[in-house]
Amino acid sequence: MAPTAVVTGASSGIGAATARRLAAAGYRVVLAARRADRVEALAAELTDRGHQAVPQVLDVTDRAAVDAFAAALDRCDVLVNNAGGALGADPVATADPADWRAMFEVNVMGTLHVTQALLPALRASGDGTVVVLSSTAGHVAYEGGGGYVAAKHGAHALAGTLRLELCGEPVRVIEVAPGMVRTDEFALNRYRGDGDKAAAVYAGVAGPLVADDVADAVAWAVTRPSHVNVDLLVLRPRAQAAQH
Ligand code: NJP
């Protein structure tokens, strides 16, 4: 059986692009997300091109569903924890705690659920890789970033702690932290479907990254020889100033 890569949030944007890259690199890809039609269509596209792809309806915030998925999976060599997103852009003073909770649920708890559930399979592979899609928002603060900044700092912390804990084991941990990526759905979800506000986000930075830029970075890091751990890749559009 071909080495298997599970990609969460594979129904759009960076996740779909990463699944395409990993399939082209020879992995059997398991395409996990909540929207069945999207993962089925991508699986059909990849299969038509001669790759191995399996659609998987999965809500990463549902621990029981994640455990059932892991129990049924025959092999996992690479896990790309990509499912995530932002909700709202209100200042901390007035943000809705429900939005913060939802962002923690998917970006932090979802990553924890899937990583814990698949760790036995990743160890059994003898050469496992966990990727955590964090963000530059996981490394700096910005106004209106609020719950997203906090949640992505959580994902960054999860990746760093896990890397230390797995040191000496056959599972490496890679964090990929992009700046602004033009994936459309990300900004639309953040602004609850308000297309004008979503468009304004992208207009604010000339030449944002595109999903393939991030997918290329993930695929490069994952395909390094097994003695190499790429701890952290930070990618940002040239027009987006680096903050330290
Ligand atoms: O966004 P989008 P991106 N269970 O909205 C899935 C980070 N990032 O590709 O479930 C399972 O196209 C959702 O699928 P569905 C960002 O934080 C982005 O830009 O079918 N899956 C969809 O496939 C995120 O971690 C930017 O709705 C769930 C996917 O997540 C990653 O990159 C910048 C789910 C979201 O795809 C991909 O985002 C940055 C759940 N409960 C970091 N909830 C950026 N775009 O600017 C959502 O620094 N999904």
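Predicted model: local features only at pLDDT ≥ 70, side-chain atom pairs only at ≥ 80, totals over all residues.
Residues are numbered from 1 along each chain as its sequence is written, and side-chain values use heavy atoms, with hydrogens and water left out. Local features require pLDDT of at least 70 and side-chain atom pairs pLDDT 80 or more, whereas totals for chains, interfaces and linings use all residues.

The ligand is surrounded by 33 residues, a residue being counted if one of its heavy atoms lies within 4 Å of the molecule. The closest are Arg34, Ser135, Tyr148, Pro178 and Thr183. By class, the shell comprises 13 nonpolar, 15 polar and five charged residues; Ala, Val, Leu, Ile, Met, Phe, Trp, Tyr, Cys and Pro count as nonpolar, Asp, Glu, Lys and Arg as charged, and the others, Gly among them, as polar.

A polar side-chain atom of Ser11 is placed 2.8 Å from a ligand oxygen atom, and an N or O atom in the side chain of Asp59 lies 2.8 Å from a ligand nitrogen atom. At Gly84, a backbone N or O atom is 3.5 Å from an oxygen atom of the ligand. The ligand taken alone exposes 880 Å², of which the protein buries 95% (Shrake-Rupley method, 1.4 Å probe).

Helices are DSSP runs of H or I with at least four residues, numbered from the N terminus. At least two shell residues are supplied by each of helix 1 (13-24), helix 4 (97-125), helix 5 (146-165) and helix 6 (185-190). Helix 6 provides the largest share, three residues.

Helix packing was described by axes fitted to C-alpha atoms over the stretch in contact, with angles from 0 to 180 degrees between N-to-C directions. Helix 1 packs against helix 8 (residues 211-222) at about 45 degrees, with the axes 8 Å apart; the two are therefore oblique to each other, the class left after angles under 35 degrees (roughly parallel), over 145 (roughly antiparallel) and 65 to 115 (roughly perpendicular). The axes of helix 1 and helix 2 (residues 36-48) come within 11 Å and cross at roughly 25 degrees, and these helices are therefore roughly parallel. Helix 3 (residues 63-72) and helix 4 are likewise roughly parallel, their axes coming within 9 Å and crossing at roughly 30 degrees.

Methods: Polar contact = N/O pair within 3.5 Å; in protein donor to acceptor, adjacent residues only side chain to side chain.
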